[in-house]
Amino acid sequence: MLHIPKHKLLSLLEHASGSWQVFCPSRQGPTVNFGWFEGMVDPDLIPVNSCKGAFLPQTEELFTYRGTPETGLSLAAGVDEQKPVLVFFARPCDARAFTLLDRVFLEGEYADDRYKNRRARSVVVTVGCKSPLDTCFCTAFGIGPDSKAGSDVFVYDDGTSLYFEPLTEEGAGFVSSHSAYLTEGGTPVSVMEELRRAELPLAGRISVEGMAEALDSMFDDPVWEKMSARCRGCGACTYLCPTCHCFSVFDAPRGVRGKRYRSWDSCQFSDFMLMAGGHNPRPTRKERVRQRFMHKFNYSVKRQGDYLCVGCGRCIRACSVGLHAASALFDLKEAGRCKGC
Amino acid sequence: MSLDWQPKIVGFTCNWCSYAGADLAGTSRMSYPASVRIIRVPCSGRINPVFVIRAFQRGADGVLVAGCHPGDCHYSTGNMYARRRFQVARRFMEYLGMDPARLEIHWISASEGQKFQEVIRNMTDRIRAMGPNRKMREIL
Amino acid sequence: MNDLREQLREAVASAFSQGRVRSFVCLEKGFYPFASIPAILHSGSEADRVQLGLSDAPLLAKYLLDAPKPAGIVVRQCDALGVSRLIRDRRVKREDLYIVSVSCPGVVDTAKIPVSPYQITALENAGDALLVHTALGRTELPWASVLLDRCLSCVSGSASPDADVVLEGEKEKLPAPVDYSGIDKVEHMTPDERYAMWEKEFAKCIRCFACRNACPACSCRKCSLDLAEPEWLSPAVTLPEQFMFHFTRAYHVAGRCVGCGECERACPVGLPLMKLNRKFTRDIETLFGVDDARIPRDVEVLGTFLPDDPEEFC
Amino acid sequence: MIRIGVFVCWCGSNIAGTVDVGKVAEESAKMPGVVHVEQNKYTCSDPGQDSIRKAIKEHRLDRVVVAACSPRMHEMTFRKCAASAGLNQYLVEMANIREHCSWVHSDMSVATPKAVDIVRRAVAKVKRSVPLFPSTIPVEKRALVIGGGIAGIQAALDIAEAGYEVTIVEREPTIGGRMAQLDKTFPTLDCSSCILTPKMVDAASHPGIRILTCSEVEDISGYVGNFQVRLRKRARSIDEARCTACGICISKCPTSRDSEFNMGLGTRKAIYMPFPQAVPNKPTIDREICRHFTEGKCGICQKVCPSGAVDFSQEDQVLNEKFGAVVAATGATQFSVEAYGEYGYGRYPDVITGLELERLISSTGPTDGKIRRPSDGRIPRTVVFIKCVGSRDENKGYPYCSKACCMYTAKHAILLKEKIPGASAYVFYMDVRAGGKDYEEFYQRSQEIGTRYVRGRVSRIYPLDGKLIVQGEDTLLGQRVEVEADLVVLAAAMVPQIDAPEMARKLGISYNQYGFFSEAHPKLRPVETNTAGVFLAGTCQGPKDIPETVAQASAAAVKVISLFAKSELTTNPNVASVDESLCSGCLWCMNVCPYKAIEEKIITERAGKETVTRSVASVNTGLCQGCGACTVACRDGAMNLLGFTNEQILAEVEALCL
């Protein structure tokens with residue numbers, strides 16, 4: 001396998017950033033966050049945020065306009081970087097999440113042009129998850145520290161070197177174009193073994209078996225009221241989630257010029273569904289929290305055939321009042337069981 | 001920095017004192033740099049510090065907040081609130097990294113046309129030396 | 001300890017049985033056994049759920065907004081200040097509340113315990129130390145090193161006297177002056193350094209509003225930052241807008257912040273929000289001679305003035 | 001669809017000389033919403049205004065921007081012009097390209113783009129303007145005068161003479177106030193009573209004036225033209241209609257106490273008239289000491305009253321009345337000179353205050369006008385006057401100058417010499433302030449007759465052999481002075497009534513750090529307060545002498561009269577306005593409002609399936625003066641200021657920064 005000493009990684013990325021827009025984790029004070037490469041990279045810690053921003057930026061400019069209805073309008077499409085996107089050090093859960101986002105943005109009748117453009121020419125380099133956190137439960141969704149779904153290159157980290165395993169044609173292309181930085185030889189067998197054997201203590205407490213079906217009859221279950229009572233209505237869970245993808249579109253007019261943007265939005269915000277006439281179909285926390293989990297564990301299974309959750313645990317770490325996918329799955333299971341008895 | 005670069009200064013002035021002071025500078029033909037653009041509000045107590053941030057966001061190089069001298073407010077107490085608000089808000093803006101010289105707060109009475117002139121001249125000189133503001137500024 | 005929990009449970013149960021409350025805001029065991037979560041009880045039969053919340057306790061005051069009234073609440077001093085804030089802001093009425101106040105030795109932050117929560121079998125407060133029991137044995141950690149940040153500048157570990165029930169147990173062991181050294185550090189930077197620092201911090205912000213939603217001083221029915229017209233804040237998450245957001249949020253709680261730090265605890269990306277809030281708090285204290293600006297007063301500091309306030313404008 | 005017309009004025013060469021008006025017009029035409037632009041030589045002239053009217057009609061303009069001079073100059077002109085063309089006058093905005101542009105710049109290449117920016121600001125603002133409608137409020141044409149001293153009497157007489165009803169509320173049993181206690185007045189030395197009592201009688205007999213004595217204001221609500229006032233008329237225990245003021249009751253009453261009117265230098269009965277010329281001329285029973293009330297005994301007065309006017313069962317009356325204007329004439333009181341321990345007031349009976357001396361000089365006083373020492377009744381030969389007791393002294397009193405003391409001390413010195421020929425007078429002073437018509441001459445006169453003015457403070461007074469030894473320093477000569485005095489008179493400062501702050505709160509007006517009521521503007525609105533419809537007269541606003549007091553009282557009366565001359569009041573529509581859907585009801589806005597114009601309002605609304613009530617802020621548009629301080633106090637963004645809305649100001653900022 002091709003490999004590179006860890007301390008030389010930065011020079012590889014600096015080279016890569018010549019022809020790629022690199023999205024990777026870097027240390028920001030006490031935490032590690034995903035973001036556009038600015039000369040720093042941190043392969044060790046699991047980032048606070050997910051890397052969905054590589055293809056679905058929190059805020060992106062759709063187009064600019066100029067003129068007035070009286071004088072006529074001219075439009076110019078938002079600047080789309082010419083360089084393809086390289087996601088570096090995604091985690092297996094993140095990579096898997098990309099495949100879920102693809103179903104939303106690429107499949108069906110309409111494809112989202114801007115997502116498609118970024119995604120089409122991209123390469124996702126995933127690092128095997130050597131030290132999963134106490135909040136990780138990807139195995140509950142059939143993912144694991146060595147899962148390859150959604151990745152173009154898989155990287156094994158043996159502590160001193162990084163071993164590159166190309167999985168796709170694009171991945172192979174990326175590796176070969178950086179062969180100058182890589183040395184051939186060896187297979188990180190012990191790392192591979194370690195990843196295979198890794199156990200996630202949380203996953204043992206969670207089972208999604210039959211969850212989608214159980215939820216079919218739980219829309220009016222009192223459990224929603226109980227679960228949502230503590231929700232503070234912020235968007236931390238949805239914004240850090242690798243699979244949440246809601247956005248809103250709005251203008252920023254400045255005199256005779258202006259821009260149209262789209263930005264992430266969150267179903268947990270009280271006015272997410274607020275209509276111009278003042279009606280709000282999801283007026284309370286209960287409806288909003290229910291929407292979030294029904295979407296993840298029921299609607300998406302019906303629509304796209306998969307849970308919209310990869311067990312990354314980010315919502316667990318993000319929520320200040322302990323309302324997250326794991327607690328929800330646990331509580332819903334309990335409630336579902338009680339229904340049966 | 002080009003010497004004829006003209007900074008953009010947004011001036012919030014109360015109607016009764018400082019706007020009238022600026023009028024007096026005009027009727028007395030006291031010239032000053034064409035840097036300032038005035039927004040008239042009834043009282044300095046109407047000036048929300050958030051307006052200042054908005055001005056910097058949209059491209060102001062400096063912001064002037066002006067009202068009646070404390071004790072002379074047309075509404076008796078408006079400038080007293082303004083004084084407290086801007087004492088803390090200005091410190092906070094500086095804490096966020098805004099250059100202190102870009103926000104000035106002055107008490108300018110209706111009879112102080114000359115003071116208005118001096119304030120604009122001095123402020124313009126200082127900001128001209130610093131160059132355009134880039135902090136908090138949006139790119140269009 | 002357990003004794004205090006038992007007293008608390010009884011207080012909650014009797015509040016329901018005496019018809020004093022229709023709901024009770026308290027803490028209960030969360031998904032992780034050592035992380036407490038907020039609970040809103042609706043009958044005395046649920047009183048068994050009540051926990052003191054020795055670790056990771058979220059602050060509860062804001063749940064009073066929606067809890068059916070009359071509503072009971074269990075408060076430590078930090079939460080008592082939040083409740084007082086809501087009362088001064090007229091978002092809840094004191095007569096609609098049934099306050100059970102408990103003394104507090106500080107709340108453990110399990111994130112500061114270098115042991116996986118799955119391994120912890122029990123946590124024990126042993127005076128100056130926290131004893132962490134695991135299957136493998138016992139780890140002893142200095143008490144101050146495992147507390148939530150907010151406990152390090154605690155107003156008082158005593159129970160709040162303005163309560164309907166006062167439960168005294170162990171009290172805060174740490175003298176707790178507010179630490180302004182972080183603010184001094186920022187103040188000593190040049191404007192450009194400060195700007196660069198905040199730019200970096202604000203770039204992390206994902207505008208999830210966790211800070212605002214957790215804050216007992218941010219209780220507007222509808223936040224002005226959510227309005228489409230006038231657009232105080234654009235939904236575009238760009239740096240200039242981040243400055244607008246963080247300026248406005250901090251300015252709106254200036255002189256009203258109770259210093260509980262729940263914003264910082266709620267922030268999922270770890271922004272040092274108290275560095276913003278405390279800047280205002282300290283300036284207000286020094287400029288206007290306010291004793292401890294964290295304590296809610298009948299008249300807001302920025303909603304009043306003295307004719308001889310310091311004059312620095314000319 | 002918004003259709004803005006922009007009218008760019010040349011103002012002859014005033015604007016066109018420095019600003020390329022054509023260019024401004026051209027740029028204005030490109031601004032969003034602008035459908036019509038024209039230039040005028042003089043837009044404010046008749047033809048200029050005609051062209052605006054014509055354009056409004058022809059181009060169906062719904063907003064107008066006039067780029068010309070300062071709005072402080074011609075905003076009203078163009079508003080009226082637009083209104084005459086059927087456009088709501090608040091849809092007119094001015095762009096000040098003269099005072100703020102052409103007159104302060106000389107370079108056309110600089111002034112022109114600035115003028116364009118200024119127009120852009122006005123366009124952006126007017127786009128967000130909405131029609132506003134001044135509301136009219138009726139005026140209750142009755143005035144309330146609080147305080148029946150010379151200020152209140154004068155104000156009441158002037159208002160009543162104009163044909164409006166006035167009620168004087170006086171808490172003492174008689175009107176007359178401080179002036180009634182004085183003997184002579186400076187600088188003319190005419191007798192105080194001789195000029196005051198006729199006015200008191202005039203007031204009492206005026207058909208338009210009602211006098212309520214023993215009465216106080218308990219509460220005031222409402223706003224200009226419409227004040228709701230709750231008055232309490234304390235029981236006098238005398239049926240005023242029956243009483244003939246024969247005075248038998250007074251002579252037979254067995255109980256007495258120190259007379260307030262005589263500053264404690266004499267006594268009065270439990271049933272009493274403060275002084276013989278009291279108005280109304282009816283006695284009052286002091287229930288605190290009357291034996292009928294304290295012990296349940298006595299009742300002599302009732303027995304001796306030939307007309308059966310004594311009524312022990314009388315109760316306080318509470319009156320709720322409506323007034324259109326209020327004149328506060330609550331007066332001042334005398335500084336408590338006990339603060340100056342070194343002068344020995346209270347310990348040495350022969351150390352007295354100026355007001356006490358007035359009573360000793362007065363022929364209606366306890367000594368029938370003979371100046372006698374309180375201690376032994378002897379006629380004093382040497383009298384020391386000490387000025388600035390409590391005034392101009394931050395340590396023991398107040399820093400302000402009490403204004404009248406220099407002159408009344410000069411008067412006392414003159415009267416002393418008149419009453420006791422050969423007596424000598426020493427005046428210890430800091431400065432002599434004799435600003436006023438004939439005042440300096442009056443002061444000179446007091447010196448000419450031999451009053452010795454010693455510049456310096458008195459450090460100590462002590463008794464010795466029936467005399468008071470006054471030690472001080474003559475700072476002009478730099479030597480110690482010691483005077484053996486028979487009597488020492490302290491010129492005590494005028495200080496606000498103790499309950500002045502409470503009264504100010506009832507009136508919704510502000511007061512200064514001492515407690516004197518604050519006028520709306522120290523120079524230009526000296527009798528108005530910051531609460532519309534409340535005016536000030538006399539010493540409640542600050543130390544004054546009689547001429548000044550009377551002048552201010554008449555000024556206040558004129559303000560009331562001009563208010564009443566209108567059948568209804570038009571309110572300024574640029575007032576605060578609450579978006580109830582946003583208001584969280586914290587009411588912090590209420591605290592910052594200087595006009596008490598914001599009150600709590602309980603609203604009921606649907607929330608889901610429930611009906612809930614909650615409180616929100618509500619603006620009384622009659623009281624609101626439109627300062628906008630509340631808007632910044634409002635975090636919710638619920639409070640806005642019509643004509644200067646958040647939307648407008650943010651749009652202006654944006655327009656200027658483009």
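**Aromatic pairs, chain folds and backbone details**

In this predicted model, ring pairs connect B:Phe92 and B:Tyr95 with C:Tyr195, C:Trp198, C:Phe202, C:Phe243, C:Phe247, C:Tyr251 and C:Phe280 in a cluster. Rings of Phe, Tyr and Trp (its six-membered ring) pair if their centres lie within 6.5 Å; planes under 30 degrees apart are called stacked, over 60 edge-to-face, and the rest tilted. Being a prediction, the model is read with pLDDT of at least 70 for local features and 80 or more for side-chain atom pairs, while totals for chains, interfaces and linings use all residues. Residues are numbered from 1 along each chain as its sequence is written, chains are lettered from A and ligands numbered from 1 in the order in which they are written, and side-chain values use heavy atoms, with hydrogens and water left out.

Over all chains, the structure holds 53 aromatic pairs. One of them is stacked: D:Phe261 and D:Phe275 sit 4.4 Å apart, centre to centre, with 20° between the planes. D:Phe261 belongs to the loop between strand E13 (256-258) and strand E14 (267-269) of chain D, and D:Phe275 to the loop between strand E15 (271-272) and strand E16 (284-285), so the pair ties together parts that are 14 residues apart in sequence. Helices (H or I, at least four residues) and strands (E, at least two) are DSSP runs, numbered from the N terminus. D:Phe261 is buried at 9% relative accessible area, and D:Phe275 is buried at 6%. An edge-to-face pair is made by D:Phe335 and D:Tyr340, at 6.0 Å centre to centre and 70° between the planes; both of these residues are buried. Here buried means under 20% relative accessible area, exposed over 50%, and partly exposed in between (1.4 Å probe, protein chains only).

Turning to whole chains, chain C comes with eight helices and eight strands. Its radius of gyration is 20 Å, close to the 20 Å that the globule rule gives for 314 residues, so chain C is as compact as a globular protein of that length. The radius is taken over C-alpha atoms, and the rule is 2.2 Å times the number of residues to the power 0.38. The C-alpha atoms of chain C fill a box of roughly 60 × 45 × 40 Å along the principal axes, and 60% of the 314 residues count as buried. Of the contacts (heavy atoms within 4.5 Å) in chain C between residues at least 6 apart in sequence, 64% join residues at least 24 apart.

Chain A has eleven helices and twelve strands. The C-alpha box of chain A is roughly 70 × 60 × 40 Å along the principal axes, and 57% of the 341 residues are buried.

A few backbone details stand out for a closer look. A cis peptide bond joins C:Lys69 to C:Pro70, with omega about -5°; C:Pro70 is in the loop between strand E2 (36-41) and strand E3 (71-75) of chain C. The bond from D:Phe186 to D:Pro187 is cis too, with omega near -5°, and D:Pro187 lies in the loop between strand E8 (184-185) and strand E9 (190-191) of chain D. D:Asp465, not a glycine, has a positive phi of about 50° and is exposed at 74% relative accessible area. D:Leu587 also has a positive phi, near 60°, but counts as buried at 5% relative accessibility.
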